[in-house]
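Please work through the exercises below with the sequence and the structure side by side. Each task is followed by a solution that goes step by step.

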Amino acid sequence: MKNTLRPLLLRGLRALLQGAAELLLFLPLPLLLAVYALPAPGRWLWLASLPLLYAAGCALALRLPQERRLTRHTVAAAFGLLQAVCTLGAGLPALLALPAGWLLARRGARMAAEPWALLFPPPAFAAGLLLQFAASFVLQFPSFAPYLPLLLWAVWRPLGPHCSG
């Protein structure tokens, strides 16, 4: 039991960290949803718990065979709904957050089967950087101004190791 649990935990942790890196680069999208569509009490908890969906999806893929595609999609959607309801409560905000949760759980499931270099190649990294760059210019709304430093931090975190001499 102990020998089979350790690889599962390590792969889940790797999916969690890789998912966090992806979310940092594409932060403008979930942040827009959080700021403009989700209620204030649960929005930050929802945003902070998004990487857990990658780990849950990875665990799902390690437990269900690849052929059970419909079952995987259904369980990934259930993970997304559970995360949304636990952080936002039952209602319209949870339904608005459901597609994001489903997508991230599916990405986590794919991380169990495919190397991250295939799932997140350099063009995807560049797309995340372009999204961050565009968001810094487009999202100049007064209501979004308090969140611009968060976007700046999010783009420099993944770049940090690559920019040091």
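**Exercise 1: the pair H4 and H5**

Helices H4 and H5 cross in a right-handed manner, a crossing being right-handed if the near helix is turned clockwise from the far one by less than a right angle, and left-handed if anticlockwise. The model is a predicted one, in which local features need pLDDT of at least 70 and side-chain atom pairs count only at pLDDT 80 or more, while totals for chains, interfaces and linings use all residues. Residues are numbered from 1 along each chain as its sequence is written, and side-chain values use heavy atoms, with hydrogens and water left out.

Task: find at what angle H4 and H5 pack, and which residues make the contact.

Solution. Begin with the axes, which are lines fitted to C-alpha atoms, for helices over the stretch in contact, with angles that run from 0 to 180 degrees between N-to-C directions. For H4 and H5 the axes are 7 Å apart and the angle is about 135 degrees. The two helices are therefore oblique to each other, since angles under 35 degrees count as roughly parallel, over 145 as roughly antiparallel, 65 to 115 as roughly perpendicular and the rest as oblique. Helices themselves are DSSP runs (H or I, at least four residues), numbered from the N terminus.

Next, list the contact, meaning heavy atoms within 4.5 Å. On the H4 side it includes Arg72, His73, Phe79 and Gly80, and on the H5 side it includes Pro93, Leu98, Trp102 and Arg106. By class, the residues of this contact divide into 13 nonpolar, three polar and two charged, where Ala, Val, Leu, Ile, Met, Phe, Trp, Tyr, Cys and Pro count as nonpolar, Asp, Glu, Lys and Arg as charged, and the others, Gly among them, as polar.

**Exercise 2: Gly80**

Task: decide whether Gly80 is buried or exposed, and name what it touches.

Solution. Gly80 is located in helix H4, which spans residues 69-88. Its relative accessible area is 0%, so Gly80 is buried; the term buried means under 20%, exposed over 50%, and partly exposed in between, with a 1.4 Å probe and protein chains only. If residues up to four places away in sequence are not counted, Gly80 touches Leu53, Leu98, Gly101 and Trp102.

**Exercise 3: H3 and its two partners**

Task: describe how H3 crosses H5 and how H2 crosses H3.

Solution. Take H3 (residues 40-63) and H5 (residues 92-113) to begin with: their axes come within 6 Å and cross at roughly 45 degrees. That makes H3 oblique to H5, and the crossing is right-handed. Among the residues that meet are Trp46, Tyr54 and Cys58 in H3 and Leu104, Arg107 and Met111 in H5. The classes in this contact are 14 nonpolar, three polar and one charged.

Turn now to H2 (residues 28-37), whose axis comes within 9 Å of that of H3 at a crossing of roughly 160 degrees. H2 and H3 are therefore roughly antiparallel to each other. Their contact includes Pro30 and Leu33 of H2, together with Arg43 and Trp44 of H3, and it divides into nine nonpolar, no polar and one charged residues.

**Exercise 4: the cysteines**
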